[in-house]
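Here is a friendly tour of a protein chain. Please have a look at the structure first, and then read on.

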Amino acid sequence: MSTPSPRPSYAAVLRVPHARRTFAAALVGRLSYGTVSLALMLSLTRSTGSYAVAGLVMALFGATSVFLSPYRASLVDRHGPRRALLPMALLYAALLCVLAAACRHPGTPAGVLAATAAITGACTPPLGPTMRAVWAELLPDRAMLQRAYSLDGVAEELLFVSGPLLVGAVVGVAPPAAGVVLSALLVAVGTLAFATSAAAGVLRPAEHGKDADAPGGAGAGQARALLQPVVVAAGVGVSVSAVDLLVVAFASERGLGDGTVAWVLAALSLGSAVGGLLNGAVAWSSSARARLPFLAVGLGLCLAAAGLAPGVITLAVAVACAGLFVAPALTTAYLIADESAAPGFRTRAGAWCNTAVNAGLSAGAAAVGLLVERLPLPVCFAVSGAVAVAAALVPGRRRDRSAGRPGPVSRRPSRSRPSRRSGRSPRRRSPSGASGRP
């Protein structure tokens, strides 16, 4: 089914002109998404003294950030990253500073905090989808693009592991509000460097996405083509978010400490990172649409098997095996979204997958909380895996090429200036579970 490919390598991806500077700038901005949730949650709980109020404010912040993501991505499609991302990022950073200042003054009304958080989340710049649009513009070859997406996903995985550690270091010497200000600084500096890079400059505004917006035309065909990757991305989000609480319940049943939970969840992240790198290093003979269901099924079966683990070591191994399918499944979903995207819909196509993952993360966390109190733990693991398996049953349909863009393989190479696209990177939970990965 697949054969190792000695090239192009990950190093070759980074040697593409403008790739390193643009990618590094995007990662600086996206590190903000790894720090902001924990910093804001700590600030809110200290300011309000209420976990309920803090949870509500974080829920509003996460909801507007996640569910308005496709709309913000459409602004990038229509106006280009420089005209859309920069104002968005500066407004988002300014509002984060307002939230930090409000949290520094105990007694700020909960309604003010909630309204400010909701507006702040609505302005979150879609750096992940836009960066993947740049990758597709830079890399006309599908094998190179697969490696770039895998590299992007693994890097983001590391950001969401290191972000909370960075916040922990900050709150050791400063109030939690300083972590919120740090998040604002990261997103402002990173987005400024990213949007002004030469690679981002070639993502020219589309002509109002005529293909994608035509009723009954290319837009309808594109929606059908996006159904498979969006549903699978949501299923992966649900299944993976369930692991957090299930591992906590597993440890609690056996009288194990929180440190055990952290190690098991680290195994999931490690498995995802390894799986992402392996997926990008293989020259697959099958199409992305053909691979995606098998990756979702593999995730589901490993999670079901994890419920049968007799001890924590076997649980960690099973969870790590499940992780091997997470990044590849999401990377493949983004590749399909890119193949399906009409010229005026590239960033939005990836943003829909991004929204699906983050919505799945939130829904999975809520649903499994109800299940754990009513069903045996092995059944809960099986149900979480069954969600991914069920998502794999959605048929993959190609978009009618005659209605819009050329086929996915025929991207024009360019030496002097890079080529075009959309997307997002593999999922991972923010510490609070309230906001996802814009």
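Leu-278 sits in helix α12 (helices are DSSP runs of H or I, at least four residues, and strands are runs of E, at least two, numbered from the N terminus). Leu-278 counts as exposed because its relative accessibility is 53% (exposed means over 50%, buried under 20%, partly exposed in between, with a 1.4 Å probe and protein chains only).

Together with Leu-270, Val-274 and Leu-324, Leu-278 makes a nonpolar surface patch of about 350 Å². Such patches take residues with over 30% relative accessible area and no salt bridge, joining nonpolar side chains (Val, Leu, Ile, Met, Phe, Trp, Tyr) within 5 Å and like charges within 9 Å; areas come from the Shrake-Rupley method with a 1.4 Å probe, and only the protein chains shown count as cover for residues.

Salt bridges (a side-chain nitrogen of Lys or Arg within 4 Å of a carboxyl oxygen of Asp or Glu) link Arg-30, Arg-132, Asp-152 and Glu-156 in a network. Asp-152 pairs with Arg-30, with 2.7 Å between the closest N and O atoms. This pair joins helix α7 to helix α2 across 122 residues. Both Arg-30 and Glu-156 are buried, as are Asp-152 and Arg-132.

## Confidence and conventions

This is a predicted model, where local features need pLDDT of at least 70, side-chain atom pairs need 80 or more, and totals for chains, interfaces and linings use all residues. Residues are numbered from 1 along each chain as its sequence is written, and side-chain values use heavy atoms, leaving out hydrogens and water.

The chain averages a pLDDT (the predictor's confidence in each residue, from 0 to 100) of 81.
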